[in-house]
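Let's take a walk through a structure together. Have a look at it first, and then we'll start with the ligand and its surroundings.

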Amino acid sequence: MSDIAIDMRGISKQFGPVKALENVDLQVRKGSVHGIVGANGAGKSTIIKILAGIYRLSDGEVEIDGKPIDTITPASIEKEGVHFIHQDRLLVPTATASEAVFLNNEPRVGPFLNARRMKREAVELIKKHFQVEIDPDTLVRDLSAAQQKIVQISRALANKAKVLVLDEPTAALVAAEVTSLFGVLRALRDDNIAIVFISHYMQEIMDICDDVTILRNGENAGNVVPAESSIEEIVALMVNRDTSEMYPRRTAEIGEPVLQLENGTRVGHFENVDVEVHKGEVLGLTGLLGSGDKQLLKCMFGLDQFDAGTFTLNGNRRQFGSPAEAVKAGLAMIPEDRRAHGVAVDLSVSDNISIASINSHSNNGYVDTKSEANMVNGLIAELGVKTPDRFLPVRNLSGGNQQKVVVAKWLSCESSVYLLDDPTVAVDVGAKVEIYNLINRLAGEGKGIIFVSSDLEETVEMCDRILVMYRGRIVGKYQRGEIDSDQLLAVASGASTDIREVP
Ligand SMILES: Nc1ncnc2c1ncn2[C@@H]1O[C@H](COP(=O)(O)OP(=O)(O)OP(=O)(O)O)[C@@H](O)[C@H]1O
Ligand SMILES: [Mg+2]
């Protein structure tokens, strides 16, 4: 028996001309949480996908629990007890929650599937580890991001995983959900399970990891023990840019209202909500899962409908039947679920970025390809999209670089109000700063911005005003500087009565 659960040595991986990994080592001890950090495109997901048998390695060796493994397939690695929660691979969307938990491991009576037992055991398993209830009949595609992670981890637990690998599991989770996930991971670690944890949130890395491997441009850039190191030291090993000014100052002047919602109601999601955004203003909107904040954006953008209320944009009363109508009237939205609404993965980086703003590059029906290319190349450089050129299909970009493309696409189109649903999720530290700069620039041009974020520190630092939602109602309004992230969490989770109404 070895102390080392995963030993990967000298791993290299080429995608055509792109060297994704070069001679990378990764050792993960049993009973430890091992972090992997690095900028977007550094190779984190690639090394994980090699271990998962999704990509074949170009060079290198892999040992699991001291045993050399020659050829890895997704099925063979699961037999070794290694389970994955990938960044971009979802569960079967049409399976139910309980089917997903017991996929390939269904409780049977003789040859027969015991559906009732499967449902009961799924509910019990989830309740035991996460202290939440999930309806076992809900389809996977109707589960929230947090619920999907819970189902995936529960499947690993049902299979008695020895190693659990999580690629950016907290990206779509709010603070309380992260806390509960960490509780589960610590309990598993105490059971001698090895955990690999990838995240762009450095505070999470400090909180949960025993060891950290840092990747830069597909190579090892160092190993640190967080308890003996600092965020600054880790970031310095990750990136080559100055991130000391994480939240750049904004000097935009706040003007007249550009978007107003009065008594907005969507039955079952939110009720009698009032929102007003001014020109040049960044309005934060935050709440726990199910608070209604995200649903509110969807209704504004025509992805869903208000049941009641008055919605006004640029002084005109509106009710959008579709996102296309909303875009025409001057709204832009960066959606949370970028794979469903954000990018066309088979189209090139260039086509994705310019598709929303193509009218500003055309003349009498002809596209001015030069001005389009300039705009696209400018945004690629500004946000640091890691791609050999602008013609690569978005599918081949790393997760964070795909998100940058979505951001570039929407921030480059002319709108009066921008609805941003977690725009910096999965984006590395350096690119976050660039996205903040773009937001500040839009505000400076007199645009209104609604900023929904699961990152409370970002909300506190970036927003002129903050609205907090709890169970479909607005329970707090704050001006910049009136609240810190801890208090914000308390209000958002309904735990604080220190609620401040600002007229
Ligand atoms: N299927 C593919 N075809 C071509 N290039 C690829 C493919 N998958 C990944 N790459 C490239 O390999 C490099 C590493 O990508 P990877 O997904 O491992 O990055 P990452 O560290 O996970 O980044 P992120 O933080 O954005 O998720 C990137 O330059 C990416 O564009
Ligand atoms: Mg990745």
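The shell around ligand 1 is made up of five nonpolar, 12 polar and three charged residues. Here Ala, Val, Leu, Ile, Met, Phe, Trp, Tyr, Cys and Pro count as nonpolar, Asp, Glu, Lys and Arg as charged, and the others, Gly among them, as polar. Keep in mind that this is a predicted model, where local features need pLDDT of at least 70 and side-chain atom pairs count only at pLDDT 80 or more, while totals for chains, interfaces and linings use all residues. Residues are numbered from 1 along each chain as its sequence is written, and chains are lettered from A and ligands numbered from 1 in the order in which they are written.

Which residues come nearest to ligand 1? Of the 20 around it, they are Asn40, Ser45, Thr46, Ser398 and Gly400 (near means a C-beta atom, placed from the backbone, within 6 Å). Strand E2 (18–29), helix H1 (44–51) and helix H14 (399–411) each give two or more residues to this shell; helices (H or I, at least four residues) and strands (E, at least two) are DSSP runs, numbered from the N terminus.

Now find the open sheet of six strands, ordered E6-E9-E10-E3-E11-E12 with mixed pairing (two strands pair if DSSP finds at least two bridges between them). Strand E6 (82–85) and strand E12 (219–224) are at the edges with a single partner strand each, so one side of each has no neighbour in the sheet. Further in, strand E3 (residues 33–37) and strand E11 (residues 211–216) run parallel, joined by four bridges. Gly35, for instance, has Val212 in E11 as its bridge partner.
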